[in-house]
Amino acid sequence: MHLPLILLFMEPTMTSEHLSRLRFNFGFLIEAPLGAHRVIELDYPSVDVGDDVILSPLAGKFTATRTSEGVYLQGELHSATAVECARCLGEAEQKVTAVLKDLLFYPPETAPKEELTLDKEGYVDLAPLIRELSLLSIPINTICRPDCAGLCVTCGHNLNESDCGCDEKLIDPRMEVLQQLLK
Ligand SMILES: [Zn+2]
Ligand SMILES: [Zn+2]
């Protein structure tokens with residue numbers, strides 16, 4: 001699958017503390033009767049969801065429901081992240097939506113192979129999942145702003161910053177021929 005380049009935003013002192021914000025304990029739901037549920041609301045100014053992606057802000061809510069098999073999650077989170085502008089290669093802010101649906105977390109004792117599972121204490125870190133869902137919602141050709149001028153095709157200068165002075169007429173050889181004729 002093709003994913004757009006994500007700018008590196010590695011923090012020098014990244015610890016598990018950063019990721020723990022998306023770590024939840026659903027152990028109480030495993031103990032609860034079928035149909036029991038809890039609505040979880042998130043409203044973070046910024047969350048690391050992996051060493052290459054920061055979601056800023058991250059807000060929304062989801063419902064965790066006890067089903068006969070485990071804990072079912074459903075909801076929607078809204079965020080934005082920095083990606084590379086397809087025109088000028090500068091930084092572009094891309095809004096992202098992580099849709100949580102059809103997510104069933106099994107208790108480890110009864111989890112079929114390859115399925116999502118809670119750990120022994122009932123915890124799950126949703127960061128990797130939310131990272132993946134967010135990346136999937138990013139279009140390939142994000143641009144930094146509607147009127148991004150892009151890069152000069154002759155010298156590669158970022159034309160949003162300044163004019164490079166290249167003679168743009170040289171871009172089109174037909175124009176050059178025409179100019180020769182006019183002389
Ligand atoms: Zn741009
Ligand atoms: Zn140029």
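Q: In this predicted model, which residues of the largest nonpolar core touch the most other members?
A: The largest nonpolar core of this predicted model holds 26 residues. Strands S3 (47-50), S4 (53-55), S5, S6 and S7, together with helix H3, each give two or more residues to this core. The residues that touch the most other members are Phe26, Val49, Val71 and Ile130.

Q: Which residues does phenylalanine 26 touch, not counting residues up to four places away in sequence?
A: Phe26 is one of the residues of the largest nonpolar core that touch the most other members. When residues up to four places away in sequence are not counted, the contacts of phenylalanine 26 are Ala64, Val71, Phe105, Leu118, Gly122 and Val124.

Q: How many residues form the second, separate core?
A: Apart from the core of 26 residues, there is a second, separate one that includes Val83, Cys85, Ala92 and Cys144. The number of residues in this second core is five.

Q: Which strands of the open sheet stand at the edges, and why is one side of each left without a neighbour?
A: The open sheet consists of four strands with antiparallel pairing, in the order S2-S5-S6-S7, and its neighbouring strands are turned by 15° against each other on average, direction ignored. Two of the strands have a single partner strand each, so one side of each is left without a neighbour in the sheet, and these are S2 (37-44) and S7 (91-105).

Q: What is the bridge partner of leucine 42 in S5?
A: Strand S2 pairs with strand S5 (residues 58-66) in the antiparallel sense over eight bridges. For leucine 42, the bridge partner in S5 is glycine 60.

Q: At about what angle does helix H3 run to S7?
A: Helix H3 (residues 127-136) lies across strand S6 (71-84) and S7. Its angle to S7 is about 125°.

How values were computed: Residues numbered from 1 in each chain as written. Chains lettered and ligands numbered in written order. Predicted model: local features only at pLDDT ≥ 70, side-chain atom pairs only at ≥ 80, totals over all residues. Pairing = 2+ DSSP bridges. Axes fitted to C-alpha atoms, helices over the stretch in contact; angles between N-to-C directions. Contact = placed C-beta atoms within 7 Å. Core = buried A, V, L, I, M, F, W, Y, C linked by C-beta atoms within 7 Å. Buried ≥ 20, exposed ≤ 12 C-beta atoms within 10 Å, placed from the backbone.
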